[in-house]
Amino acid sequence: MEVAFYLSGLVAVLATLGVVVSVNPVHALLYLIVSLIGVAMVFFALGAPFAGALEIIVYAGAIMVLFVFVVMMLNLGEAVVDQERAWLKPGIWRGPAVLAALLLVILAVTLWRGDIGMVIAGETLTAKAVGMTLFGPWLLVVELGAMLLLAALVTASHVGRLSTPRQTPGRDASTKEGA
Amino acid sequence: MTLTLTHLVALLPLILVCVTAVVVMLGIAWRRHHSGTAFVSVVGLNLALLSLLIVWQVAPLETPLLAVDGLAMFAAVLILVSSLACATLAHAYLEHYGGPREEFYLLLLCAAAGGLVLAASQHLATLFFGLELLSMPLYGMLAYTFHERRSLEAGIKYLVLSAAGTAFLLFGMALLYAQTGRLDLAGLSASLVEGPGPWGLAGAGLMLVGLGFKLSIVPFHLWTPDVYEGGPGPAATFLASASKVAVFVVLLRLVLSAPAFEDAWLHDLLAALALLTMLVGNLLALTQANLKRLLGYSSIAHFGYLLVALVVSDGLAAETGAVYLVTYLITTLGAFGVVTLLSSPYGGRDAAGLHHFRGLFWRRPYLTAVLTVTMLSLAGIPFTAGFIGKFYIIALGVEAERWWLVGGIVVGSAIGLYYYLRVMVTLYLVEPGMQSRDAPHNWGIRAGGVMVLGLALLVVLLGIYPAPMIEWVRAMGTLNG
């Protein structure tokens, strides 16, 4: 299991490097998905299946797919088909594919050896334990998380607003003066 | 350990601020009303301030993740007062803003809650959450007038650099956790007793970098002037006052409690950073032609002075830091308040260029008097609050025989005197035919104007008779033990 931990960690690091150096946003996002799955594998190897599953469901599953869709939708137009063809060159998907295949091999080998309880150290951290901590002593942090999301949402909705503010008559002169 | 009723009482200020934020949000959803929203926010903040009297009865107390002790209550008072000041300034500033105005108060309340959490945190999880809750609304507040290019630029700049700072902080926490397996400060200091080891030291250093970004200590200060200049007046005021106070208090708590920060090497690093910060901040302020930028650099320099309290970190260090924070806060609120009032109501870019202030005395004598007093206080002239703070810092440095730092403070103050005086001279220059931005005619009887006048009075009062403030700071300090 230690091998699985180190290999997954290596994959995550390499994939993140791929995110940084990719010039094309879609490639960067593909690398990012591999990186997140690698981190999830690390969590599994450490005996925290709940965190690993959340990592896959929330990050790789929901957020990143949303990202990929948005980026692809932004590219609509005449040149898209050519671009898509250009994107499908093997040199481009080879990197993510190799890293993802490595993760698959680790997963397959671990499953094949069949010992589910074989983790690095400590007991398995289940969803129940996480929930007990979060809604017991850490309740405050959960509530603060809610406030944080509220602030982020208000910020995003305010800055993302399209309408231009109306200029108040009478302040126009001073606006020009002040600008 | 779960939450009990006593814990809830101890957390009353935080709960009240959060409840006010939720009430404001629901109010906005129901009906937009600028003055009503501002009124509810101010009432909520005042209630939180009053509830500190109740908390005083139960302190010191340790809730599972937050410590309600003297330091936390001291910081809570400063944060709530500066949030109140920002709310009154925002009411004047946003009065004629064309877009939606009410969200600003919601963000302000969220940021104040973040500051309260940060200052009371005794666990790395609450430290992180508090810092994020403090920074996240600030992105929105700085980019609030986002049709102004500079405001949006300020917001995005702060977002990117603050995220980088947070990444450093998280990495530092991860290293400390890897070394000790603990996240609470008490556990951390217990595990690090026999020496921090390389990972603990690296973790402490990285956390210092992360918090240094927020405090704009010198190698990490590059964002400060642009963000101060670009952000709308009330947001810049909050950034310079409440945000910095909260981050400094948490740094003080870390340095005082965690032995990883007691390492000699780390102390030398802190001393070098302090010296660099006060010199570079003052030198860069020399050539500024924009008052908000100048105040930005001046706040960098002031936090260089404050770092001396961290470097010494024994004896009177906590008291010195607290006294200096109070004087800095009052003075900064006054100076930014005048700049914001001159730019109110919102009409494009803030009137912060020095040329806007030319001959201000002949148009607005009282406002000029306020700005003069705050500039004198920032320069540390006797009979102003700033002198008391600077006196404390120099006394601390001399007592600890940190001669390099004392020299830095003296040189920095001498340089500072030049550019503060330059601002003051500008205020009294006569230049006929100047048509500049001006405060509204009735500024003196509005909440923001009254607040600014009161602050100027307080600056002078504390400069002449600082005993009550020192008593108060000591009383807070005794709660710590």
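**View 1. A101(A) sits in helix 5 (residues 90–113) of chain A.** The model shown in this and the following views is predicted. A101(A) has 11 C-beta neighbours inside 10 Å and therefore counts as exposed, the limit for that class being 12 or fewer. V34(A) lies 67 residues away from A101(A) along the chain, and the C-alpha atoms of the two residues are 9.9 Å apart.

**View 2. Chain A contains eight helices and zero strands.** In sequence order the pattern is α-α-α-α-α-α-α-α. Of the 179 residues in chain A, 22% are buried. When contacts in chain A between residues at least 6 apart in sequence are considered, 70% join residues at least 24 apart.

**View 3. Spans of chain A carry the UniProt annotation "transmembrane region".** The annotation comes from an unreviewed entry and covers residues 6–23, 30–50, 56–76, 97–114 and 134–156 of chain A. Residues 30–50 of chain A are 86% helix and 0% strand, with 23 Å between the end C-alpha atoms. For residues 134–156 of chain A, the figures are 83% helix and 0% strand, and the end C-alpha atoms are 27 Å apart.

**View 4. Helix 3 (residues 34–58) and helix 5 (residues 103–120) of chain B have axes that come within 10 Å.** The axes cross at roughly 15 degrees; helix 3 of chain B and helix 5 of chain B are therefore roughly parallel to each other, a term used for angles under 35 degrees. The crossing of helix 3 of chain B past helix 5 of chain B is left-handed. On helix 3 of chain B, the contact is made by T37(B), A38(B), S41(B), G44(B) and L45(B), and on helix 5 of chain B by Y105(B), L108(B), L109(B) and A112(B). By class, this contact of helix 3 with helix 5 of chain B comprises six nonpolar, three polar and no charged residues.

**View 5. Helix 4 (residues 70–93) and helix 11 (residues 233–257) of chain B have axes that come within 8 Å.** Their crossing angle is roughly 175 degrees; helix 4 of chain B and helix 11 of chain B are therefore roughly antiparallel to each other, as angles over 145 degrees are classed. Residues of helix 4 of chain B in the contact include L71(B), A75(B), L78(B), C86(B) and Y93(B). Those of helix 11 of chain B include G233(B), P234(B), F238(B), V245(B) and R253(B). The contact of helix 4 with helix 11 of chain B has 15 nonpolar residues, five polar and one charged.

Note on methods. Residues numbered from 1 in each chain as written. Chains lettered and ligands numbered in written order. Predicted model: local features only at pLDDT ≥ 70, side-chain atom pairs only at ≥ 80, totals over all residues. Axes fitted to C-alpha atoms, helices over the stretch in contact; angles between N-to-C directions. Helix = DSSP H or I, 4+ residues; strand = E, 2+ residues; numbered from the N terminus. Parallel < 35°, antiparallel > 145°, perpendicular 65-115°, else oblique. Left-handed = near helix turned anticlockwise from the far one by under 90°. Contact = placed C-beta atoms within 7 Å. Nonpolar A, V, L, I, M, F, W, Y, C, P; charged D, E, K, R; others polar. Buried ≥ 20, exposed ≤ 12 C-beta atoms within 10 Å, placed from the backbone. UniProt positions renumbered as here; feature names shortened; annotations may be inferred.
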